[in-house]
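Dear colleague,

Please find the structure below for your records. A summary of the findings follows it.

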Amino acid sequence: MKLTLKDVTCGYWGRAVVSGVSMEVESGEIMCLLGPNGSGKTTLFKTILGLIKPQAGEILFGGENICDWSQARIARVMGYIPQAHTPPFPFKVLDVVLMGRTAHLGIFAVPSPEDKEIVQEAMAALNISHLQDRVYTEISGGERQLVLIARALAQQPQVLIMDEPTSSLDFGNQVMVLSHIKRLAHTGLAIIMASHFPDHALLYASKVMLLKKGQVYSLGRPEETVTEENLKSLYGVDVKIIRAEIPGCSETRVCVPVSRQILPKDTRREETC
Ligand SMILES: Nc1ncnc2c1ncn2[C@@H]1O[C@H](COP(=O)(O)OP(=O)(O)OP(=O)(O)O)[C@@H](O)[C@H]1O
């Protein structure tokens, strides 16, 4: 399975926000989308998900142009995980995950035993079965994010699109959610996630797309794209990419911002923060 964007331009009310995007994501890959606020990441996601029509270009799923597919048909192959949110009603966790089956049900159909089994499997895959009777608004942000991932899995998609899946999570929950995302890619899903953290791209992605003012600034493997020069150009900050040896793992690279402090002349030095 392959999702392909060919020269896609999209935006609102005839105004292009993102232009000329071409890329491919295959089963088992994690593509990380990095870009400053307002660079067009969410707009591109909405276009891939069929919520807004592209102004130009093609979006192909397994070679078939999906621009005319209904949203229900798109939802049967693509799952969307928004940033953690609080719904207006206090649904039970089980009901939130069951909502993932909606795209597979007829208009008046109720979930079948098979739907309920799929929901149980999705929760078990994320180790959250014990939360099923809890109220969604009364669980932690990290748990809520896992529930949203379970809901998307219950949809049985082939592509998962995640808009800043770790926003508002503490460090431990970020690592937990990102590790789950990596496991899901190993099971054969194609994953596209937006992030504001270059380290997420360095540590978890197989491919990275840098978006600057609605255009692809760089696209390729993390080590080719997440460079000191590109991050300086993208975010306007100086960074150092540090290599770390972790026993039992291949070499890991992380990004550290560098700030120049204004100090008296004789003590002037460069500091990291
Ligand atoms: N519904 C809309 N109608 C008109 N313009 C919009 C709409 N939604 C977003 N925009 C504009 O499109 C541009 C890109 O916004 P978008 O939300 O895609 O960026 P983003 O990269 O996801 O930003 P962030 O990192 O802050 O979430 C912005 O200039 C924004 O103001």
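The largest share of the shell around the ligand, three residues, comes from helix 1 (residues 41-48); helices (H or I, at least four residues) and strands (E, at least two) are DSSP runs, numbered from the N terminus. This is a predicted model, in which local features need pLDDT of at least 70 and side-chain atom pairs count only at pLDDT 80 or more, while totals for chains, interfaces and linings use all residues. Residues are numbered from 1 along each chain as its sequence is written.

Around the ligand stand Tyr12, Val17, Gly35, Asn37, Gly38, Ser39, Gly40, Lys41, Thr42 and Thr43, each with its C-beta atom, placed from the backbone, within 6 Å of the ligand.

Six strands form an open sheet of mixed pairing in the order 6-7-8-3-9-10; two strands pair if DSSP finds at least two bridges between them. Strand 6 (78-81) and strand 10 (215-220) are at the edges with a single partner strand each, so one side of each has no neighbour in the sheet. Strand 7 (residues 159-163) pairs with strand 8 (residues 190-195) in the parallel sense, over five bridges. Within this pair, alanine 194 of strand 8 is the bridge partner of aspartate 163.

Helix 1 packs on the sheet and touches strand 3 (30-34), strand 7, strand 8 and strand 9 (207-212); contact requires C-beta atoms, placed from the backbone, within 7 Å. Contacts also join helix 5 and helix 6: Gly141, Gly142, Gln145, Leu146 and Ile149 in helix 5 meet Asn173, Met176, Val177 and His180 in helix 6.

Yours sincerely

How values were computed: Two residues are in contact if their C-beta atoms, placed from the backbone, lie within 7 Å. Axes are lines fitted to C-alpha atoms, for helices over the stretch in contact, and angles run from 0 to 180 degrees between N-to-C directions.
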